[in-house]
Amino acid sequence: MDREARGVERIDSRRARPVRIVLASDRIPLVLRRRGDIVEILSGSVVLLSSAALETELAFGRIAADVVKTPSRILVGGLGFGATVRGVLEAVGPSGRVTVVEKVPGVVDLVRGELASLAGHVLEDSRVTVEVADVGEVIRAADGVFDAILLDVDNGPEWASFRSNARLYTPAGLLEARRALASGGALAVWSGYPSDAFLPRLRGAGFEPRRILLRERGRVRARAYVGLR
């Protein structure tokens, strides 16, 4: 498989030169940028991920055990730098199994390789399985399979990083997520901004909605919009 198909074009980043990551299906260029000890992934001038702000992702992953009693099968949409997965693993214990769905192969390569230490080499954990796919397609193919679905693929339900992600937050997409959950399961959506208008949308899809504040260094920096099945 050539580098473009795998989704990454590598450029030496040790001298502040970017690694360019290309999502082959949409031809959307992402850039991995280093600023001192900080690592960022950008789309154009918009920072999608930053290693300076991983606490909210860790907290997001940990809520799997707060919203579901003894979750054992968890789907995480969006690998990022691996912090959400690390949070899930801390919460579910040794019996939990986590499926991570990431649509950009280059991101998986980075988290397996040069960025592995950011989340404690999370992809080396035997409880984790990685699928390079569209999380929406994985959800549509599931039927009562997961105890929790955690979506950390966008900046929030009104700010999709990729056009194809927008369906996840529509009434149809939410109904598909509900069908993919076991009884008593939960859907959680990470958002970097207030989006309380999403709560009625969750209720309309048959969920019991709630909002959980996520903090970074003691300050609210993000929110989890949760739907209980």
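On a 1 Å grid laid over the protein atoms alone, a pocket is an open set of points with protein on both sides within 12 Å along at least five of seven lines, whereas a cavity is a set of points where a 1.4 Å probe fits but cannot get out; lining residues have an atom within 4 Å of a point. The structure described here is a predicted model, in which local features need pLDDT of at least 70 and side-chain atom pairs count only at pLDDT 80 or more, while totals for chains, interfaces and linings use all residues. Residues are numbered from 1 along each chain as its sequence is written, and side-chain values use heavy atoms, with hydrogens and water left out.

The largest pocket is lined by 33 residues, and those nearest its centre are Leu48, Leu49, Asp152, Val153 and Asn155. Two or more lining residues are given by each of the elements β5 (46-50), α2 (55-62), β7 and β12 (219-228); helices (H or I, at least four residues) and strands (E, at least two) are DSSP runs, numbered from the N terminus. Strand β5 supplies the largest share of this lining, four residues. The space in the largest pocket amounts to about 580 Å³, a volume being the space filled by probe spheres set on grid points that are joined across faces, edges and corners. By residue class, the lining of the largest pocket comprises 15 nonpolar, eight polar and 10 charged residues. In this division Ala, Val, Leu, Ile, Met, Phe, Trp, Tyr, Cys and Pro count as nonpolar, Asp, Glu, Lys and Arg as charged, and the others, Gly among them, as polar.

Rolling a probe the size of a water molecule over the atoms shows where empty space is left. The whole structure contains one cavity of 30 Å³ or more. The largest cavity holds about 40 Å³ of space, and among the residues that line it are Leu54, Glu57, Phe81, Ala83 and Thr84. Leu49 and Asp152 also belong to the lining of this cavity, and both are listed among the residues nearest the centre of the largest pocket.

Strand pairing was considered next, two strands being paired if DSSP finds at least two bridges between them. Strand β6 (residues 73-77) pairs with strand β7 (residues 97-102) in the parallel sense over five bridges. Within this pairing, Gly77 has Val101 of β7 as its bridge partner. Between β6 and β7 the chain passes through helix α4 (residues 83-92), and the resulting β-α-β crossover is right-handed; that is, with the strands pointing away from the viewer, the path from the first strand over the helix to the second runs clockwise. Strand β6 also pairs with β9 in the parallel sense, over four bridges, and here Gly77 stands opposite Leu151. Four of the five residues of β6 are buried, where buried means under 20% relative accessible area, exposed over 50%, and partly exposed in between (1.4 Å probe, protein chains only). Helix α5 (residues 105-112) is likewise mostly covered, with six of its eight residues buried; these are Pro105, Gly106, Val107, Val108, Leu110 and Val111.

The whole structure contains 12 salt bridges, each defined as a side-chain nitrogen of Lys or Arg within 4 Å of a carboxyl oxygen of Asp or Glu. One of them joins Asp147 to Arg73, with the closest N and O atoms 3.1 Å apart. Asp147 lies in strand β9 (residues 146-151) and Arg73 in β6, so this pair ties together parts that are 74 residues apart in sequence. Asp147 is buried, at 11% relative accessible area, whereas Arg73 is partly exposed, at 35%.

A second salt bridge links the side chains of Arg33 and Glu40, at 2.5 Å from N to O. Arg33 is partly exposed at 31% relative accessibility, and Glu40 is buried at 4%. Both residues belong to a network of salt bridges that also includes Arg35. In a further salt bridge, Glu216 meets Arg217 at 3.8 Å from N to O; Glu216 is buried at 6% relative accessibility, while Arg217 is exposed at 61%.

Finally, Ser43 is located in strand β4 (residues 38-43) and is partly exposed, with 22% relative accessibility. The C-alpha atom of Ser43 is separated by 9.3 Å from that of Leu32, 11 residues away along the chain.
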